[in-house]
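Here is a walk through some of the packing and backbone details in this structure. Have the viewer open and follow along.

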Amino acid sequence: MVRIFGPLIGLFFAAALVWSFGIGVAQQLREPDPSTAVKDFHLDPKEDVHWSFEGPFGTYNTRQLQRGFQVYKQVCNNCHSLKQIAFRNLSQLGYKPAEIKAIAKDWATKAKTFDPKTGDAGERPNTPADHIPPVYYAGTGNPPDLSLITKARHGGAHYVYSLLTGYTDQPAALLKKYPDSKTPDGLYYNPYFANLNIAMPPPLADNAVTYADGTPATLNQEAKDVAAFLTWTAEPEMEKRKQTGWPVLGFLLAATALAYLSKRTIWADKH
Amino acid sequence: MSFPWANQYKPTHPLMVYLDEKLPLPRFVYNAIGGGYPVPRNLNYAWNFGVLAGFCLVLQIVTGVILAMHYAANAGVAFDSVEHIMRDVNWGWMLRYAHANGASAFFVVVYIHIFRGFFYSSYKAPREMIWLLGVVIFLLMMATAFMGYVLPWGQMSFWGAKVITGLFSAIPLVGEPLQQWLLGGFAPDNAALNRFFSLHFLLPFVIAGVIILHIWALHIPGSSNPTGVEIKSESDTVPFHPYYTAKDGFGLGVFLLIYCTVLFFFPNALGHPDNYIPANSMSTPAHIVPEWYFWPFYAILRAFTADFFFIPAKLMGVLAMFSAILVWFFLPWLDTSPVRSGHYRPLFRKFWYLLVIDTLILGYCGGSPAETKYVLISQIAAAYYFLHFLVILPIVSSIEKPLPLPFSITEAVLGTDAATA
């Protein structure tokens, strides 16, 4: 039974696939898939920046993270939430408890309160235990929460950096080849963005912030710092993860070597 | 069955003697994975992967049960509860990465285990039942892994659930109601998430049960071996302990080294970035792809682009995808060659390599965007896949002239066997 029906079923599936293949090829010959502006002009993230957290020994640079936090707080936070991060987490950036208390207390958006006795909604200053309050945004586009952005995009920090520094005029070649793909009003051309046209206006520029540590605030510097900061918000456990990994691998290497030696000893008379 | 020369369990300590009378569990273990189980002496490292698969299941159950203590299966908070595990639970990031990469490790190990079975024809009599149970385990693993991937409730979780449950809608007449019944709604939502969590917790224990049957069935004829020649005498075997416990211990060490390198240094390399975006029913990802271990089957699903006679393309894809695994059930009867091992089957061996390459091509296409070139390649690769099992294998096994087999396992290892004299 199997030997009769098996080959028949196999030929049936193969025939259906060859049929699909033939139709697909015929279609390609008649009218090949059209090229699109995205296919031709979308760019992969720039890989030329070196990050301190790259590689198996990489660690965060807390001064850079503090600068990035400043960029987030003064620029990004106008539209983007960061809801996975609590003020208490900022201790990892090297802030002292008193500083964190002050940052939380002075945060522009206050924590919402609700009085169950009266039903009144109210506000109170944030505390270190609070998460960074969500940002409500009414304009064009949907600014994503940035807590996990470097994990949620191919290229991670490279992507964030490339996007922030990648704004440019739409290339003339693009407009010539795809006249219908002109960037609509209210959007901005950015070859690193998935569909080339992003609703976010260029958020950073030279001297968009004044760094507390005196670092010159160039566009590139700001973009690098905030990309590093957002890598930390996505993977605050990264340093601990790598630091745990090395002793684990060391132990396993020794254990495996011993296991190999004992295997060889036990099998010595059986080969 | 055991071989007459198998070591006998002889408890000496009074407590063990007592236990052996009341509940002979130590005897059971001794005969199953101890000195009482004679195993062919010539097993190569391809035979390590059964034990490794068992280890992966235990690893997944242990990490999974702890994760379930902190996870909340509610569509409103599931995504944030996973981030809570990553950030606020002590060593939660390690547990979650261990579990997510543990699933990948489990599939790597099981795929090697399966392709070892293909090469050495481990499915042949008298071991058909072991093979059939193994395919059942693989199907259960796929269901478990799919439902587990839905739990973080990211974009790929949501849209993956939508696509996979959508497969049932291809069934004529009852498809749509069946899909709604499975999901508990018109689209994946809280009802679906809750039942997936419940089943994701249940199925690993079902897998553990079928594994017990798989090993039970294995112990009746005993392990196969790289020559495919059955055990003839005591000199063909060694006791499982200490010989194979030592060999498996070394194998486990190598496995853990690779697994921990991924876990601690590349924990997200095998995942998709979109699953760190919370599920959003209003925004479809540009490319919906499952986890890598489903790619070959996903490529087969997508390869059917044209209706075939009166059968819609979508139904063909679904039928083919399930058939791609169901065909494994019939292998013991499709491959009729009396010789088991690929080492002695020159033609069969060539096609085995082709199958490996073909499956890798299917996997590559399944993980790529649904662009025309990948679809066209996967159509040819999928056609070969079905022809391999259903047409080529029966033909090869009847026309092939196998190489001469060694007299015994002992002869294969030592060059001579005293028993031949």
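Treat every value below as something computed from predicted coordinates.

## H11 against H12 in chain B

Start with helix H11 (residues 295–303) and helix H12 (residues 313–326) of chain B, whose axes come within 7 Å and cross at roughly 150 degrees. Anything over 145 degrees counts as roughly antiparallel, so that is the label H11(B) and H12(B) get. The crossing of this pair, H11(B) and H12(B), is right-handed.

Which residues do the touching? On the H11(B) side they are Phe297(B), Ile300(B), Leu301(B) and Arg302(B), and they meet Gly317(B), Val318(B), Ala320(B), Met321(B) and Ala324(B) in H12(B). Sorted by class, the contact of H11(B) with H12(B) has 7 nonpolar residues, 1 polar and 1 charged.

## H11 against H15 in chain B

H11(B) also packs on H15(B), this time at an angle of about 105 degrees and with the axes 9 Å apart. The range for roughly perpendicular is 65 to 115 degrees, so H11(B) is roughly perpendicular to H15(B).

From H11(B), the contact uses Ala299(B), Ile300(B), Arg302(B) and Ala303(B). H15(B) brings Val375(B), Ser378(B), Gln379(B), Ala382(B) and Tyr385(B).

## H5 against H6 in chain B

Next, look at helix H5 (residues 92–119) and helix H6 (residues 128–150) of chain B. Their axes come within 12 Å and cross at roughly 155 degrees, so H5(B) and H6(B) are roughly antiparallel to each other. The crossing of H5(B) and H6(B) is left-handed.

The H5(B) residues involved are Ala103(B), Phe106(B), Val110(B), Ile114(B) and Gly117(B), which meet Trp131(B), Phe138(B), Met141(B), Ala145(B) and Gly148(B) in H6(B). The contact of H5(B) with H6(B) has 8 nonpolar residues, 2 polar and no charged ones.

The loop between H5 and H6 of chain B holds Ser121(B) and Pro126(B). Most residues other than glycine have a negative phi, and most peptide bonds are trans. Ser121(B) has a positive phi, near 45 degrees, and is buried, with 24 other C-beta atoms within 10 Å. Ala125(B) and Pro126(B) are joined by a cis peptide bond, with omega about 5 degrees.

What does Pro221(B) touch, leaving out residues up to four places away in sequence? The answer is Pro126(B) and Arg127(B). Pro221(B) itself is in the loop between helix H9 (190–219) and strand E2 (237–239) of chain B, and counts as partly exposed because it has 15 C-beta neighbours inside 10 Å. Pro221(B) and Ser2(B) are 219 residues apart in sequence, yet their C-alpha atoms are 8.0 Å apart in space.

## Two other backbone spots

Another cis peptide bond joins His241(B) and Pro242(B), with omega about 10 degrees. Pro242(B) lies in helix H10 of chain B.

Leu173(B) has a positive phi, near 70 degrees. Buried or exposed? Leu173(B) counts as exposed, with 7 C-beta neighbours inside 10 Å. Leu173(B) is found in the loop between helix H7 (155–166) and helix H8 (175–183) of chain B.

## Where the chains meet

The contact takes 50 residues from chain B and 47 residues from chain A. On the chain B side, the elements giving two or more residues are helix H4 (78–87), helix H10 (240–265), H12, helix H13 (331–334) and helix H15 (372–399). H10(B) gives the most, with 14 residues. By class, this side of chain B has 37 nonpolar, 8 polar and 5 charged residues.

## Over in chain A: H3

Helix H3 (residues 62–74) of chain A passes a quick length check: at 1.5 Å a residue, its 13 residues should span 18 Å, and its end C-alpha atoms are 18 Å apart. Among the buried residues of H3(A) are Leu65(A), Phe69(A), Val71(A) and Tyr72(A), along with Arg67(A). What covers the buried residues of H3(A) includes helix H7 (219–234) of chain A.

Technical notes: Residues are numbered from 1 along each chain as its sequence is written. Chains are lettered from A and ligands numbered from 1 in the order in which they are written. This is a predicted model: local features need pLDDT of at least 70, side-chain atom pairs count only at pLDDT 80 or more; totals for chains, interfaces and linings use all residues. Axes are lines fitted to C-alpha atoms, for helices over the stretch in contact, and angles run from 0 to 180 degrees between N-to-C directions. Helices (H or I, at least four residues) and strands (E, at least two) are DSSP runs, numbered from the N terminus. Angles under 35 degrees count as roughly parallel, over 145 as roughly antiparallel, 65 to 115 as roughly perpendicular and the rest as oblique. A crossing is left-handed if the near helix is turned anticlockwise from the far one by less than a right angle, and right-handed if clockwise. Two residues are in contact if their C-beta atoms, placed from the backbone, lie within 7 Å. Ala, Val, Leu, Ile, Met, Phe, Trp, Tyr, Cys and Pro count as nonpolar, Asp, Glu, Lys and Arg as charged, and the others, Gly among them, as polar. The expected span of a helix is 1.5 Å times one less than its number of residues. A residue is buried if 20 or more other C-beta atoms lie within 10 Å of its own, exposed if 12 or fewer, and partly exposed in between; C-beta atoms are placed from the backbone.
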